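Welcome! Here is a short briefing for anyone opening this structure for the first time. Please keep the sequence and the 3D view at hand as you read.

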Amino acid sequence: MLGSMPGRLEERAMSEQAAGGEVGQGAARKSSPAKTAVRVVISLVLIAAIFYYLVKDISLADVWAAITAMTWGELAGLAVVAGWNLCTYAFVWMTVTPGLSFGRAMIMTQATTAITNTVPAGSAIGIGMTYAMLHSWGFSRSRTTIAVLVSGVWNAFAKLAIPVLALALVALQGNASAARITAALVGIAGLVAAVVVFALMLRSERMASKVGVTAGRVVSRLLALIRRPPVQGWEIATVKFRNRTVDLLEHGWFPITAATVVSHLSLYLVLLVCLWDVGVSNAEVNWAEVLAVFAFARLATAIPITPGGAGVVEAVLITGLTAAGGYKPEVVAAVLVYRALTWGLPILVGIFCLLWWRKQSLTTSTEEASSTEAARP
């Protein structure tokens, strides 16, 4: 993921941007309606199959009973935690896009999240919407590109680091096993390798070019196995990425890192509170084990098999938490509530934000057109 990110996003960022041809629109034109329909059908069938497998051996009445047993106080607490989690998405973008206000960051992150969570290949369309929104607020394409890249890289680092941290915490609690220790060591090696490559890329333009050439060769060889053409220009993309990133990270690396960590841990907090509220106690599945399962569910979303990881995330969470000792009906109830708050709620909020931004953009365009017409002799 890290190896392909600079080339793909840099190419998207530097092409077909003029005259309103945003990245997402370009991506949309490449997919025919038939292909889109096939993707939708495949996603729905896969999601249905996963949920059938997950709940076929339990009583849905028990699941519903666990959900409805939550008190008003517990529901209020969940609402606060879920609301805070939505806000943390904006904090990350405020740190990678200096000058972006909290309100606009919220509108952009919720709108793009709604697209990503509902549309096949929604990530590409979401990136396009990010360019369109930031452009409408006066941010250049180059600034948007570096924000997309840095936030993406930091998000990937967090997805690699949190499983390592979680497994280490589980081991410290005396629940270490050979498999967990091996997984932790592999995770540490992967994280160290990613950080070293990133540091080398930022060290100098020459090193950035070497990283780009090496990554391009590796990816090209992999693409050759499936008879796809080789990638080109990765050394140019990595040098541009390096030059733009150095300025942002010189004084902003700490707030970017802090905001990214807070965003991931806030998502984990929602899951933890959901489990407690439906009756899965710390004695059944302790907080470190929950963190480990959560972390691997986040890793599972690195490859977008379904929109927003629908079905995939539920499968990892339910399987992992049940294996850790949770009572399955209560685990299923907690995961369903968690996904309603972290997958469903952002869709509803995002639709409102998207419609509001669209209305404001049309109003602004009309006013600008009127001003131009009035200024003509």
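Where is the place of Gly326? Gly326 sits in the loop that runs between H13 and H14. Before going further, please note that this is a predicted model. The chain holds 14 helices and zero strands, and 44% of its 377 residues count as buried.

**The overall picture**

- Reading along the sequence gives the pattern α-α-α-α-α-α-α-α-α-α-α-α-α-α.
- Of the 377 residues in the chain, 44% are classed as buried.

**How helices pack**

Two packed helices are described by the angle between their axes and by the distance between those axes.

- Helix H6 covers residues 102–118 and helix H7 covers residues 122–136; their axes come within 8 Å and cross at roughly 155°. Because of that angle, H6 is roughly antiparallel to H7. The crossing of this pair, H6 and H7, is right-handed.
- H10 packs against helix H11 (residues 234–278) at an angle of about 140°, and their axes are 7 Å apart. H10 and H11 are therefore oblique to each other, since the roughly antiparallel class needs an angle over 145 degrees. H10 and H11 make a right-handed crossing.
- The axes of H12 and H13 come within 9 Å, crossing at roughly 155°. H12 and H13 are therefore roughly antiparallel to each other. Where H12 passes H13, the crossing is right-handed.

**A salt bridge between helices**

- How many salt bridges does a search of the whole structure find? The search finds one.
- The partners are Glu314 and Arg339, whose side chains meet at 2.8 Å, N to O.
- Glu314 belongs to helix H13 (residues 312–323) and Arg339 to helix H14 (residues 328–375), so the pair ties together parts that are 25 residues apart in sequence.
- In general, side chains of opposite charge can pair when their charged atoms come close.
- Are the two partners buried or exposed? Glu314 is buried, with a relative accessible area of 5%, and Arg339 is buried too, at 9%.

**Loops and contacts across the sequence**

- Gly326, in the loop between H13 and H14, counts as buried because its relative accessibility is 8%. The C-alpha atoms of Gly326 and Ser281 are separated by 8.3 Å, while the two residues are 45 residues apart along the chain.
- Pro307 is in the loop between helix H12 (287–300) and H13. With a relative accessible area of 12%, Pro307 is buried. Gly122 is 185 residues away from Pro307 along the chain, yet the C-alpha atoms of the two are separated by 6.8 Å.
- Leu345 has its place in helix H14. Leu345 and Leu86 are 259 residues apart in sequence and 9.0 Å apart in space, C-alpha to C-alpha.

**A nonpolar patch on the surface**

- Which residues form a nonpolar patch on the surface? They are Val218, Leu222, Leu225 and Ile226, and together they have about 440 Å² of accessible area.
- Leu225, one of the patch residues, is found in helix H10 (residues 205–225).
- With a relative accessible area of 69%, Leu225 is exposed.

**Where to look again**

- For helix packing, return to H10, which packs with H11 at about 140° and also holds Leu225.
- For a link between helices, find H13 and H14, joined through the pair Glu314 and Arg339.
- For a residue in a loop, return to Pro307, which is buried and lies between H12 and H13.

Methods: Residues numbered from 1 in each chain as written. Predicted model: local features only at pLDDT ≥ 70, side-chain atom pairs only at ≥ 80, totals over all residues. Heavy atoms only, no water. Patch = residues over 30% accessible without salt bridge, like charges linked within 9 Å, V, L, I, M, F, W, Y side chains within 5 Å. Areas by Shrake-Rupley, 256 points an atom, 1.4 Å probe, with all protein chains shown as cover. Salt bridge = Lys/Arg side-chain N within 4 Å of Asp/Glu carboxyl O. Helix = DSSP H or I, 4+ residues; strand = E, 2+ residues; numbered from the N terminus. Buried < 20%, exposed > 50% of the residue type's maximum accessible area, 1.4 Å probe, protein only. Axes fitted to C-alpha atoms, helices over the stretch in contact; angles between N-to-C directions. Parallel < 35°, antiparallel > 145°, perpendicular 65-115°, else oblique. Left-handed = near helix turned anticlockwise from the far one by under 90°.
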